[in-house]
Amino acid sequence: MAVKPTPSATDRREQVGAPIATPTQVPISVSVADEFPQGIAGFAAKAMSLVTGLGITARRAIAAPKTLSYPREKYPISPRWRGPLVLRGVLGREGIDLIDAPSVDYNATIDTLHREQSLAPCVGNCPANVDARGQNYLMADGHHIAAYELVRDRNILPGVLGRICHHPCESVCRRLQYDEAVAIRPLHRMAYEAYQSDRPAIESFPLTQQANIAIIGSGPSGLAAAWDLMKLGYSVTAYEKDKTPGGALLTGVPAYRLPREVLASEIANIVEYGLDLRCGIEIGKDVPIDHLIGEYDAVLIAAGLQISRGLPIPGANAKGVRGALEFLSDVNRRQDADVKGKRVMVIGGGNVAVDVARCALRVGASEVRLACLEASNEMPCHPWEIEEGLDEGVIAMCGNGPEMVLEQDGLVVGMRLRECLSVFDASGRFNPVFADLFTDVDCDVVVFAIGQAPDLRDLVAGSDLVLTEQGLLPVDGSVLSTQQPGVFACGEVVTGPGSAIGSIASGHEAAISIHRFLAGQSLLADRVFRPVPTFPKYGQATLDGVESARRRVEMPLSAAGERSRDFRQVELGMTRLESLNESARCLRCQSQVCVGCTFCARTCPDFAITVERIDDPGHRMVTRYDLDLSKCCYCGLCAEQCPTDALVHTGQYELAFRSRELTISDIAEMRRDPGGTRATGCDALRAQERVEP
Amino acid sequence: MSGFVGGLIWGLAAGTLIAIAALFGVWWERKVAGRIQMRIGPQTTGPAGILQTIADTLKLILKEDITPDQADVRVFRLAPLVVFVPVAMSFSVIPFAAGFAPLDTSVGMLFFLAVPALSVIGILLGGWSSRNTYATIGAIRAAAQMISYELPRALAVLSLVVLAGSIRPLDVMAAWSPWWIIATAPGFIVYFIASIAEVNRGPFDIPEAESELVAGYFADYSGIRWSIFMMAEYGGMVAASLFGAAVFLGGWNWLPGIGGILVFVALTLALVTAMVWVKWTYPRLRADQLMSFAWKIMTPAAIVQLVVVAVIAPWL
Amino acid sequence: MDATETTSSQTGVLGGAGVSSESADTAEGLVINVGPSHPSTHGVCRVIVHLDGEIVRKAEPVIGYLHRGIEKMCENRTWLQCVPLTDRLDYVGSMYSNWAYCRAVERLSEIRVPERAEYIRVLVCELQRIASHMMALGASGADTGAATMFIYAFDERERVIELFEELCGARLTYNYVRPGGVSVDLPEGWTDRVLEFARKHRIALAEMDRLFLGNAIARARLKGIGVLDPDVAVAWGASGPVARGSGVNWDLRKHDPYSVYPRFDFDVPLGSRGDCFDRARCRLFEAFESCRIIEQAISQMPEGPVMTAGLPRLLKPAAGDAYDHIESARGSLGVYVVSDGSVRPYRVKFRSPAFCNLALLPLLAEGHTLSDLVVILGSLDPVFGEVDR
């Protein structure tokens, strides 16, 4: 009988590495013995066995043969067949395809690339699928303006996002596997700077459609939608309640990260392209939304988040307790938040909390502390943000939750914190566990930076739009439509607090919905939604042995002591030469053009590949690619890790320079002119092309 | 003189016949073996690859005729002919049609049994003269095997002689009646098995056992000489089938005229097919097992058959 | 007088077979070279056979014709680059060498392999076991002259190889199992084709059992030939079907369960006499068991990644050493790796079952005939890529 060890046996073995059963414990399972009987019966059995054998061969002889009938039938070859290698394209000779489909077809293009496994990770991981690969390709050749225009189609504010984006592209950059990610975000910024310094004349988009559209809010999502719709030929009007446009980019992002003139110039460009931007008009107060609904063919609510969440803890109403958005808004509008010389305590561990803390330093706070539930290594903010903040003097108190605000005469005098042991439970839900360990910290101002929420009550007042009890606008998350036909919503109103690039992506989706609505199409039919590809997290490579010329351009930062007191930019940007170098580091993943990265040569176990390339900025080419097929062992390691997919296996026989297709000769083929014979391999390549659709 | 001319004509005709028989035998074996092994067999040269053997023969003729350095050259060159000629001669006594055998001799049955056995001399010569261990072992095995199987084969045929009362094949054919098939069935089986062993075919291909002796006694032969060995093997296979189909199974006695010839051909083909079928189904016996099979089972069986036939002959 | 010298001085057309009368210890006999180029040596093995008539008095295997220094070559390549080299060890069971090497490397660098990858590894290795055993069975057919058995067995093997070709693009040198997982996920619909194969394969196995192992002639050729005593098998380090044919109950899948094998219900076929027949039939039964494991593996297979996430491209295991072994089609295949903390192995050593099994040949062949020698050699199922390394 068979034994059935428990499944946990594997795990035990993995741990202790010792046998779990000795030979005596495993019983004999099956005996293979088989004997003929003795005597006459045995003779008969032997004779029968001979007859049985004849019967079996006869049956097989009658059945249809399994081999192929030459030359009529062909042998199907596996798509993964590892035949001789071939290089599909070479840097300096072949260009790469830019992803510049119109916005209504963009998702379909991305989806196709994804299914064909030819989507670069950076493009796939970007919520708005910005063609970072194309940007790098153009910039490496010095076409900075073209790169800017390419990026702008999907990322409406390259200069802004080039400073503040959380760059999901870089976190999946395949270059990480070899050294460091390509600096895609700083290159956006460089593209903007180049564009701005040598700006071509702008002609507004022609109006080709009858319909007009109103957009409430001039944040990233509203602008992205406006851009797409303007490009489609609609007349677009944007309403902004503030005097200056920009939405959350203006009120929420500190100037040391995003200089105001950058935002202003980017929006000014969009206005020049034909956006009718009306500032200082608050929909719901100054103009009722019904008026817009009546006057415009479609209305897009991209109002963003307005209020900070508070905490129901004792003392939360004391004077000196403030919300993060109000605080940042004050800082950004007035460069002052009435905290000069005061001690500020920021509650929260997200990016907003860090922004608040760093702003507080800049508007003169004497001491800034930041308390968050999470341990320092699991803070939700981006690691580089908190690192820069710590450099500037922010004191982080990780693993501490707010217990109560200590007040005296209605004024904040301190904060009592309670040590937090864990934030999430085993199933990953938010469920903090606290210890009975309290810390009192003296402070004068407490800023809660623990989340934001939309405030749409005024906006929808008097319309058919109904808010939920939590004050949220019910929106179909995929097509971004509201209860009322013709009214759409996008951005953080829909997604909740998120990234700027995420808002932009939702703006693009909203633009598609509006276009379909105005064209009378179904919002859903035949619509391709953006695929959500997952890319492997590449193991971080060590940098020893990587020559500095191949490393990522280091972004210069202003000195921490200097910068922490004013609102000058922290990141100083890169030079044009640096941008040429940096963009050339891009591996151009999945572009099918060899960039001479030499990874194939380094991974070949037979040392059969030699690659050389010229590395001058702005003029790069692969000068030599030697593939010694006589050494090749067809292991496939090189093709497997070719980042660009340029090196591929063909369907040919090993070293025979013939595809299996060509094993079938016909007379015409045998008699023809020897020019371009099979021996040269030309035919094999041609046959390969025939095989591939 | 006319006897010489006639003999020459007959000889040429017989040679051609054997060549055709061998060519056909090779093609047929390749086709049948192919189907047994789920393959197609020859398929491009001529319809269904029928011309494949001719192409192969041409290739073999054109190949270099290699003589090993240390071989006994004259013997080495002579050996294939010594193997082939007796096989070719054996065709001459086969009763092809009513009243017709190329060599209508009164000792035809004996002739058919005795003459092919001479080829063992050729095999010995070839194996020994190659000065190759494998070939020598193969030749010795062949000698032992062929001589052992002569006896049961002769005894099996003898039962027919008893029934017919003559050793002239045409007489045997004339006396043949369908009852003989039942009466001599064990004898026929012994004849069939012994014939397979006689032509060194599987499962009795010990002298040329490919997996042990590479190619046995003709390991060092190449080109046309090698093909003569092969022709002798296939010729012998066809000759044994023809003879068996005639004297044991009645051959052309089943139907009158041309129909009888067709039946004869069909029976022969069936026997050839059976030989191929057996070869491609069974493993090979070991030399000692082969001997004990011959002496302990085949020979006694043939003797019992002979006695039984002798007893029941008056009633048939 | 040295026999080797005698024969090598008489190099003839076929590996120097010559009539030898000088040899002192076989004054009346022959000394022949079976191989290195011979139809039944299963590669490039040379056996110097001292014959007395047809009886083998002494058989001496000479190995090294396929020595490529793979263990040494590994020291000059990165940890990943060694995987294609392991393909070339046991070239009729590349998956095993891949897996054994990867297990050792994973043990060394403390990599946890995703569960799906473990299932895929088990799946491909059991398919590989079928392919390898079909090769061995077919070879025992060819050795005894049953060419059709050889073709039938190879037909089954071909089906497996086609599956592998579809899976990883190669027919023999798969380079599929990698440190951290497997190189690529299963193609769409592949598991269905594997199940279909397993279903048909059982029928074919039963047919082969009747055609060949049930045949009176084959039994006469295999039974009582090359009898291996269980104690001798253990003493000589035999493993795999060679040891199990003698009734030595030793299968690493049961006795030192690795990967996900404990989750499968399967039996270990054991012989009782230890002759060529038992060894061959063990292989046939093991192919049956492999079908069972394949079906269970497919039904249990979880979804998920097939490669450990975040694995650096250049592995750099900490200095140290690791040994791991798996049950290959030929027996216990062990790999010992030593790292000095660099990107290349300091030392890689393969414990190849075929080498240990082949050492039994002189013992088993003595007293049998020349015809039995090739059958015994075939029943040991040596693969010389692995023997010589």
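The following dialogue examines a predicted model of several chains, in which local features need pLDDT of at least 70, side-chain atom pairs count only at pLDDT 80 or more, and totals for chains, interfaces and linings use all residues. Residues are numbered from 1 along each chain as its sequence is written, while chains are lettered from A and ligands numbered from 1 in the order in which they are written.

Student: How many helices and strands does the secondary structure of chain A comprise?
Tutor: Helices (H or I, at least four residues) and strands (E, at least two) are DSSP runs, numbered from the N terminus. On that basis, chain A comes to 25 helices and 20 strands.

Student: What percentage of the residues in chain A is buried?
Tutor: A residue is buried if 20 or more other C-beta atoms lie within 10 Å of its own, exposed if 12 or fewer, and partly exposed in between, with C-beta atoms placed from the backbone. Chain A has 693 residues, and the buried share of them is 43%.

Student: Is A:S499 buried, exposed or partly exposed, and why?
Tutor: A:S499 lies in the loop between α18 (492–495) and α19 (500–518) of chain A. Its C-alpha atom is separated by 41 Å from that of A:C604, 105 residues away along the chain. Because A:S499 has 19 C-beta neighbours inside 10 Å, its class is partly exposed.

Student: Which strands pair with β3(A) in the parallel sense?
Tutor: Two strands pair if DSSP finds at least two bridges between them. Five bridges link β3(A) to strand β4 (residues 235–240) of chain A, where A:N212 stands opposite A:S235. Four bridges link β3(A) to strand β6 (residues 298–301) of chain A, where A:I215 has A:L300 as its bridge partner.

Student: What is the handedness of the β-α-β crossover from β3(A) to β4(A)?
Tutor: A crossover is right-handed if, with the strands pointing away from the viewer, the path from the first strand over the helix to the second runs clockwise. Here the chain passes through helix α10 (residues 220–231) of chain A, and the crossover is right-handed.

Student: What radius of gyration does chain B have, and why does it agree with a compact globule?
Tutor: Chain B consists of 13 helices and zero strands, and its C-alpha trace spans about 60 × 50 × 40 Å along the principal axes. The radius of gyration is taken over C-alpha atoms, and the globule rule is 2.2 Å times the number of residues to the power 0.38. For 316 residues a compact globule would have a value near 20 Å, so there is agreement with the value for chain B, 19 Å.

Student: What percentage of the contacts in chain B with a separation of 6 or more joins residues 24 or more positions apart?
Tutor: Two residues are in contact if their C-beta atoms, placed from the backbone, lie within 7 Å. Buried residues make up 55% of chain B, and the share of contacts between residues 24 or more positions apart is 79%.

Student: Which element gives the largest share of the side of chain C that touches chain A?
Tutor: This contact takes 49 residues from chain C and 48 residues from chain A. Elements giving two or more residues on the chain C side include α6 (147–168), α7 (190–213) and α12 (276–300). The largest share, five residues, comes from α6(C).

Student: Which residue of β6(C) stands opposite A:S31?
Tutor: Strand β1 (residues 30–31) of chain A runs parallel to β6(C), and two bridges join them. Opposite A:S31 stands C:L270.

Student: How many residues does chain B give to its contact with chain C?
Tutor: α6 (133–164), α10 (210–213) and α13 (287–312) of chain B each supply at least two residues to this side. Chain C contributes 31 residues, and chain B contributes 28.

Student: How many residues of helix α15 (residues 370–380) of chain C are buried?
Tutor: Among the buried residues are C:L370, C:D372 and C:L380. The helix is followed by C:D381, whose phi is positive, near 50°. α15(C) is mostly covered, with a buried count, out of 11, of 11.
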